[in-house]
Amino acid sequence: MSCTLGEVKNRADLIVYWGGNPAECHPRHFTKYTLMQKGKFIPNGRKDRTMVLVDIRETPSVKAADIFLQVRPTKDFEVITILRALIKGQPVNEQIVAETGLTMAQLQDFADRMKRAKFGVFFFGMGLSMTRGKHMNSAALLILAAELNAFTKFVAMPMRGHGNVTGGDVIMRWTTGYPFGVNLARGYPRFNPGEFSTIDLLIRGDCDAALVLGADPGATMPQPAIDHLARIPTIVLDPKVTHTSRLARVHITTAVTGISAPGTAYRMDEIPLPLRPALKSPYPTDEEVVRRIRQAVAAKPLLVPPTVPALPAV
Amino acid sequence: MVSSLEKESNLQGNSRIRITGGKVYDPANGVNGQVQDICISDGKIVATVEGGRTIDATGMVIFPGGVDVHTHVAGAALNFARAMIPEDHRRNAPFVRTPLRRGGIGGSTPTTFITGYLYAGLGYTTVNEAAVPILSARHTHEELRDTPISISLVVS
């Protein structure tokens with residue numbers, strides 16, 4: 001269950017950030033969409049909204065929050081499960097509540113606020129989706145949002161990372177049917193996160209070349225994955241020198257998309273936004289570089305001879 | 001939007017094709033199941049051609065390209081659905097890449113190129129995407145650019 005950020009701006013009176021630090025990672029989120037804006041059904045802007053922050057530590061986002069719930073690390077799943085019980089009025093074990101680092105009063109107040117809200121939103125970050133429990137945590141939160149719809153309107157949306165990562169997802173879906181972790185080696189798309197996702201391929205050493213586009217895995221991936229990137233011929237397309245380009249065999253400087261190259265970027269709610277360049281760049285665009293690499297590859301003979309003969313020349 | 005078939009015939013320029021042996025249905029010209037040759041020159045149907053390629057269509061039906069007036073084959077909602085049903089993609093036979101076709105996924109939400117191949121396989125040349133919210137119209141256009149069949153939009 002999701003919605004656009006425009007709906008959040010116009011309707012949401014309860015904003016919950018879970019496992020994220022939007023003040024530093026998405027600095028325009030509060031001012032453009034979630035907190036400061038006045039909306040169609042939120043006439044007084046910030047005064048009409050309540051913001052709850054759930055995280056394991058105090059971050060600069062705490063200052064923006066009305067309520068800060070500091071969960072003990074790895075206890076997010078338990079907190080979500082307790083909230084699912086509380087909104088239905090089911091009994092909860094005090095012992096398990098104590099383990100989460102929150103009090104029963106805090107959790108009951110949170111549950112009541114969620115049920116009372118006219119339109120609530122969960123924005124969840126990597127603090128939820130990439131810590132112990134991973135996709136099970138995200139799934140639990142999505143179920144909580146779904147169940148809250150028995151009482152009010154509630155949606156959940158992931159806080160996507162930097163760059164056009166949502167756009168990458170969207171295009172992978174219409175070309176291969178899957179958002180990520182796709183293997184095309186058999187001539188058709190196969191999907192298996194944990195087997196075909198980038199980090200897993202690199203750590204197992206399955207790939208013998210890498211093309212890195214609009215990302216800096218050398219700064220974010222686990223060390224064994226970075227080590228393999230340094231071993232194999234890695235090609236980086238980026239406007240700037242990154243951690244990855246320092247360990248890559250080739251770095252091709254490209255124009256900055258949105259500043260000197262046109263295109264489409266997808267916002268985290270999957271709304272496509274046109275990018276119009278303001279400046280000219282002496283460097284080629286990512287698209288042009290990839291097209292030229294593809295032409296050069298297409299000119300080479302096929303690794304496996306085609307099984308279906310080409311149409312006879314007219 | 002120009003379909004890939006049109007593009008191909010434009011590229012080939014003065015291509016000549018004779019399709020023989022097929023049962024021809026053409027209501028506009030009162031042809032009702034007669035077996036006759038269809039000749040194409042420069043992308044147009046003509047009375048006869050000399051030389052060129054001959055396609056044997058014995059036992060097949062020849063009719064004008066079909067038009068699907070109302071369909072949902074592209075856009076944000078469909079693309080969301082694709083993400084929701086990996087098990088459906090897995091259950092259905094995949095489309096393996098060939099020198100002439102791209103690989104992809106069939107099932108209830110086919111990938112863009114497969115959508116074009118499936119429609120073309122049924123004899124359709126034009127389809128009408130009937131639900132395009134303005135907010136994500138740009139996305140729909142980009143998907144349609146990747147769908148190798150002539151498609152028009154109805155903006156809702």
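User: Where does A:Phe180 sit in chain A?

Analyst: A:Phe180 lies in the loop between H9 and strand S6 (182–183) of chain A. Helices (H or I, at least four residues) and strands (E, at least two) are DSSP runs, numbered from the N terminus. This is a predicted model, in which local features need pLDDT of at least 70 and side-chain atom pairs count only at pLDDT 80 or more, while totals for chains, interfaces and linings use all residues. Residues are numbered from 1 along each chain as its sequence is written, and chains are lettered from A and ligands numbered from 1 in the order in which they are written.

User: Why does A:Phe180 count as partly exposed?

Analyst: A residue is buried if 20 or more other C-beta atoms lie within 10 Å of its own, exposed if 12 or fewer, and partly exposed in between, with C-beta atoms placed from the backbone. A:Phe180 has 16 C-beta neighbours inside 10 Å, so it counts as partly exposed.

User: Which residues is A:Phe180 in contact with, leaving aside its neighbours within four places in sequence?

Analyst: They are A:Asp169, A:Met172 and A:Ser197. Being in contact here calls for C-beta atoms, placed from the backbone, that lie within 7 Å.

User: What makes A:Glu270 buried?

Analyst: A:Glu270 has 20 other C-beta atoms within 10 Å, so it is buried. Its place is the loop between strand S11 (263–266) and strand S12 (272–275) of chain A, and it has a positive phi of about 70° although it is not a glycine.

User: And why is A:Lys134 called partly exposed?

Analyst: A:Lys134 has 14 C-beta neighbours inside 10 Å, so it counts as partly exposed. Its phi is also positive, near 40°, in a residue other than glycine. A:Lys134 belongs to the loop between helix H7 (126–129) and helix H8 (135–148) of chain A.

User: How do you know that the buried residues of H2(B) line one face of the helix?

Analyst: In helix H2 (residues 76–84) of chain B, the buried residues are B:Ala76, B:Leu78, B:Asn79 and B:Arg82. Seen down the axis of H2(B), they fall within an arc of 165° (taken from the directions from the helix axis to the C-beta atoms), so they line one face.

User: What covers those buried residues of H2(B)?

Analyst: The cover includes H9 of chain A together with helix H5 (137–145) of chain B.

User: How many residues does each chain bring to the contact?

Analyst: Chain A brings 22 residues and chain B brings 29. On the side of chain A that touches chain B, H9(A) supplies the largest share, five residues.

Key:
Two residues are in contact if their C-beta atoms, placed from the backbone, lie within 7 Å.
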